[in-house]
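Okay, thanks for making time, everyone. Let me put the structure up and then walk you through it.

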Amino acid sequence: MKGGILQKVRGSKLSLVLTALMCTTLVIWAWEKTPALSVIFPPLERFDILSPVPAKTSATSSDDTHRLASADKNLSAADEMESSSSNETEPVLSLPASESSATSTPNNSTSDKDLKESPMQEKGECNYAKGKWVADTRRPLYSGSACKQWLSGMWACRLMQRTDFSYENFRWQPQGCVMPEFSRSDFLRRMQNKTIALIGDSLGRQQFQSLMCMVTGGETSPEVEDVGKDYGLVKAPGALRPDGWAYRFPSTNTTILYYWSASLCELEPLNKSDPATHYALHLDRPVTFLKQHLCRFDVLVLNTGHHWNREKFRGNRWEMYAGGMPITDGELADMRNLKNLTLHSIAKWVDSQLLQHPQLKAFVRTMSPRHFVNGDWNTGGSCDNTVPLAGGSEVLQDRSSDPVAEDAIKGTSVTLLDITSLSQLRDEGHISKYTLKASTGMQDCLHWCLPGIPDTWNEILYAQI
């Protein structure tokens, strides 16, 4: 009797186990075959821990949409090639480059994953100077032949005898972070009721003209107001040009300003009654214009570099002063030390003013490289290369190639706008032998064609304001 009951209990347990196994099998089969169940249960791939399948992503930027919407603008035949490239939305490609001790040339293809995964950017630690040049058919950002209102003819290579313009079709991609696409409307929105001032030498003037072309899209803009008089920027009698320019965009009350100061130092005439007087160049004092108008600036970009040589000092009749006294000899008289003293002094002075002007974001831009080969500007030097990135496409180093500027801003709240190494890779982008008139025999391997490399300087600046 007891044995029969035990057998029945065991039989019922076995039936329950078999029933559970059958139900489980039916559920798994239905899970695989019935899409509707995925709403209730997660897909099987979620449990495939050993070999996950990454999801594909794609995105279209608002600027791409804007470019497509503006593709029907009336353009001259000379500008059609540029406008078609700026409106293109094909995937970004890259050009191979030869090996160099300062560069590396791995596969430069760009994916959405590369652009979106940016841990450095999330932490605010992006080193914009470290990265690579990649080909981009959406460049240039404006027409070099149409931006006549802002761009000097001597830098508009589209108006010269030059026929190759491949240097225009590249953008800079920082490593490990994303540099935002430049947007005219967003720039003006960020700079609403603000003033951005660029103070420096002729390379600073190139950056200023580049920025004006970028913000206006290279289009004639009669609504933009010349407010140079508000800053004393008027052409002096007998002068070729004023000491600078200032333009105001009335829609957002945004002012973009440039002031010429090759040294960033205060200049004081030693004999005011003598038209041919020499000038005291006070290495430890900022240029007077900066002291007078700093309170009006919200973004400040300073640069100096190529005038720090004996020839320039003699030509400008500059005499070196520090602490109110002339420098005649000794270690400080070395040109490298003079520039070092100046940049350190200016950076520290600007830093000392930031508490009084908390709205100010200040930058020191590093030196733009020269590419003279087999001589200098006046001894037959040239830069005839027209092949983009012939010396490499990538900057791998963490430190700046302008250690003087890098060291000058250490311990301050001034930001380094580091453009030296990335510009060093672009020797094909200089003015070279091309001019508006017949060639003079001398080449310009210092200044850049516009559109060109200074546009990237402004894109990096834009990313940091």
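Before we start, one cut-off: buried here means under 20% relative accessible area, exposed means over 50%, and partly exposed is in between. And keep in mind that this is a predicted model.

Leu188 has 12% relative accessibility, so it counts as buried. What does Leu188 touch, leaving out residues up to four places away in sequence? The answer is Val215, Phe249, Thr252 and Thr254.

Now look at Asn253. Leu188 and Asn253 are 65 residues apart in sequence, and yet their C-alphas are 8.6 Å apart in space. Asn253 is in the loop between strand S5 (244–249) and strand S6 (254–260). Is Asn253 buried or partly exposed? With 31% relative accessibility, Asn253 counts as partly exposed. Its backbone deserves a look too: phi of Asn253 is near 55°, which is positive in a residue other than glycine.

There's another positive phi to show you. Ser432 isn't a glycine either, and its phi is about 60°. This one is in a strand, S15, residues 430–432. Ser432 comes in at 5% relative accessibility, so it counts as buried.

Let me zoom out for a second. The chain has 13 helices and 16 strands. Of its 465 residues, 46% count as buried. If you take contacts between residues at least 6 apart in sequence, 77% of them join residues at least 24 apart. As for the surface, the accessible area is about 24,300 Å², with 56% of that belonging to carbon and sulfur atoms.

H10 runs over residues 335–353, so to speak, and its 19 residues reach 27 Å from first C-alpha to last, close to the 27 Å expected at 1.5 Å a residue. Its buried residues include Leu338, Lys339, Thr342, Leu343, Ile346, Trp349, Val350 and Gln353.

H13 is another story. How many of the 11 residues of H13 are buried? It's 11 of the 11, so H13 is largely enclosed by the rest of the structure. Among them are charged side chains such as Asp455 and Glu459, along with Trp457 and Tyr462.

Leu450 and Pro451 are joined by a cis peptide bond, with omega about 0°, and Pro451 is in the loop between strand S16 (444–448) and H13. A cis bond also joins Arg139 and Pro140, with omega about 5°. Pro140 belongs to the loop between strand S1 (131–135) and strand S2 (170–174).

Last stop, the inside. There's one cavity of 30 Å³ or more, and the largest cavity holds about 100 Å³ of space. Which residues lie nearest its centre? Out of 14 lining residues, they are Glu168, Phe170, Gly452, Asp455 and Thr456. H13 comes back here: residues 453–463 give the most to that lining, with four residues. By class, the lining has seven nonpolar, two polar and five charged residues.

That's my tour, so over to you.

Key: Residues are numbered from 1 along each chain as its sequence is written. This is a predicted model: local features need pLDDT of at least 70, side-chain atom pairs count only at pLDDT 80 or more; totals for chains, interfaces and linings use all residues. Side-chain values use heavy atoms; hydrogens and water are left out. On a 1 Å grid over the protein atoms alone, a cavity is a set of points where a 1.4 Å probe fits but cannot get out, and a pocket is an open set with protein on both sides within 12 Å along at least five of seven lines; lining residues have an atom within 4 Å of a point. Grid points are joined across faces, edges and corners, and a volume is the space filled by probe spheres set on the points. Helices (H or I, at least four residues) and strands (E, at least two) are DSSP runs, numbered from the N terminus. The expected span of a helix is 1.5 Å times one less than its number of residues. Buried means under 20% relative accessible area, exposed over 50%, partly exposed in between (1.4 Å probe, protein chains only). Contact means heavy atoms within 4.5 Å. Accessible areas come from the Shrake-Rupley method with a 1.4 Å probe; for residues, only the protein chains shown count as cover.
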